[in-house]
Amino acid sequence: MAVRRLPSSLRPALLTGAALLVIGVGLAGCAGKSNLTTGSVRPSSAANGTMNTTDLRGAVDSIGRAYEKNPRDAATGINYASALRMNGRNAQALAVMQQVAISNPNNREVLAAYGKAQAAAGQLEQALNTILRAQTPDRPDWRLKSAEGAILDQLGRSNEARQRYREALDIQPDEPSVLSNLGMSYLLAKDLKTAETYMRAAARQPGADSSVRQNLALTVGLQGRFQEAETIARQELTSGQAEANVAYLRSMLAQQNAWKTLAANDTGNDAGNTN
């Protein structure tokens with residue numbers, strides 16, 4: 001079944017905001033979380049996997065200085081590129097990873113992060129090839145499987161994407177970032193009820209971070225249960241972070257004209273249904 005893609009006016013915002021398909025490919029101690037993506041590489045140990053704008057800018061500056069001193073260092077380059085992406089500087093992040101990949105052509109972590117940077121910059125086919133190069137068939141990594149799925153979803157290849165997510169879950173059962181990606185795959189296909197089932201499963205896991213709950217909040221809100229969605233969006237965050245998340249949620253849900261077909265497909269949904 002082909003993916004029924006989101007309306008073009010909404011799709012870019014969805015794929016770059018809180019409800020982002022997670023291309024989380026941090027490996028061997030480099031995996032972390034941010035308030036925008038689950039499983040992203042990040043340079044900070046901020047509580048609850050969140051970083052405010054000031055923290056993020058500071059991280060970019062400090063890691064950038066370390067990168068300038070040793071641009072061949074894989075870990076520094078990966079973290080610098082991740083910080084740049086979280087700051088919206090995708091082109092610069094890609095340039096950093098290109099240089100790091102030249103210096104470390106056989107490093108699996110570098111290839112994985114390079115693929116992530118390519119995907120963030122919109123080079124999806126190239127990203128897919130890079131991720132496949134980073135994978136080893138005899139020792140497959142679940143993060144790379146999930147990253148491959150996220151890229152395939154953005155290319156409109158939903159059946160292949162969901163197979164990769166399930167392969168990732170076979171390796172790492174109940175991993176919240178993968179469950180959330182699987183839910184997003186169904187949301188992109190406008191199957192909100194199935195999306196919510198996976199989102200709720202993801203949010204129940206001990207390792208679920210804020211971005212998993214924001215994906216769940218958006219999925220619930222798109223079904224018309226706005227108060228419930230805002231309650232979910234505020235969970236386990238500081239007052240400022242909660243307000244920012246709710247503001248983003250409201251801005252997404254305000255684009256209801258782009259989602260009117262969803263309402264038509266979901267007319268039987270009960271306000272109290274949580275699947």
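Colleague: Hi! What kind of model is this, and how are residues numbered?
Modeller: The model is predicted: local features need pLDDT of at least 70, side-chain atom pairs count only at pLDDT 80 or more, and totals for chains, interfaces and linings use all residues. Residues are numbered from 1 along each chain as its sequence is written, and side-chain values use heavy atoms, leaving out hydrogens and water.

Colleague: What does the protein average in pLDDT?
Modeller: The average is 78, and 73% of the residues score at least 70. pLDDT is the predictor's confidence in each residue, from 0 to 100.

Colleague: Where does pLDDT stay under 50?
Modeller: Residues 25-49 are one such stretch, with 78 contacts beyond four places in sequence. Residues 265-275 also stay under 50, and there the model has 19 such contacts. Contact means heavy atoms within 4.5 Å. Where pLDDT is low, the predicted coordinates should not be read in detail.

Colleague: Okay, on to packing. At what angle do helix 2 and helix 3 pack?
Modeller: Helix 2 (residues 53-69) and helix 3 (residues 74-86) pack at about 150°, with axes 9 Å apart. Helix 2 is therefore roughly antiparallel to helix 3. Helices (H or I, at least four residues) and strands (E, at least two) are DSSP runs, numbered from the N terminus. Axes are lines fitted to C-alpha atoms, for helices over the stretch in contact, and angles run from 0 to 180 degrees between N-to-C directions. Angles under 35 degrees count as roughly parallel, over 145 as roughly antiparallel, 65 to 115 as roughly perpendicular and the rest as oblique.

Colleague: Which residues of helix 2 and helix 3 make the contact?
Modeller: Among them are Leu-56, Val-60 and Ile-63 of helix 2, and Tyr-80, Ala-83 and Leu-84 of helix 3. By class, this contact of helix 2 with helix 3 has nine nonpolar, four polar and no charged residues. Ala, Val, Leu, Ile, Met, Phe, Trp, Tyr, Cys and Pro count as nonpolar, Asp, Glu, Lys and Arg as charged, and the others, Gly among them, as polar.

Colleague: Are helix 3 and helix 5 parallel or antiparallel?
Modeller: Their axes come within 10 Å and cross at roughly 20°, helix 5 being residues 108-120. Helix 3 and helix 5 are therefore roughly parallel. Their contact includes Arg-85 of helix 3, and Glu-109 and Lys-116 of helix 5. By class it has six nonpolar, no polar and three charged residues.

Colleague: And at what angle do helix 4 and helix 5 pack?
Modeller: Helix 4 (residues 90-103) packs with helix 5 at about 155°, their axes 9 Å apart. That makes helix 4 roughly antiparallel to helix 5. Leu-94 and Met-97 of helix 4 are among the contact residues, as is Tyr-114 of helix 5. The classes here are ten nonpolar, three polar and no charged residues.
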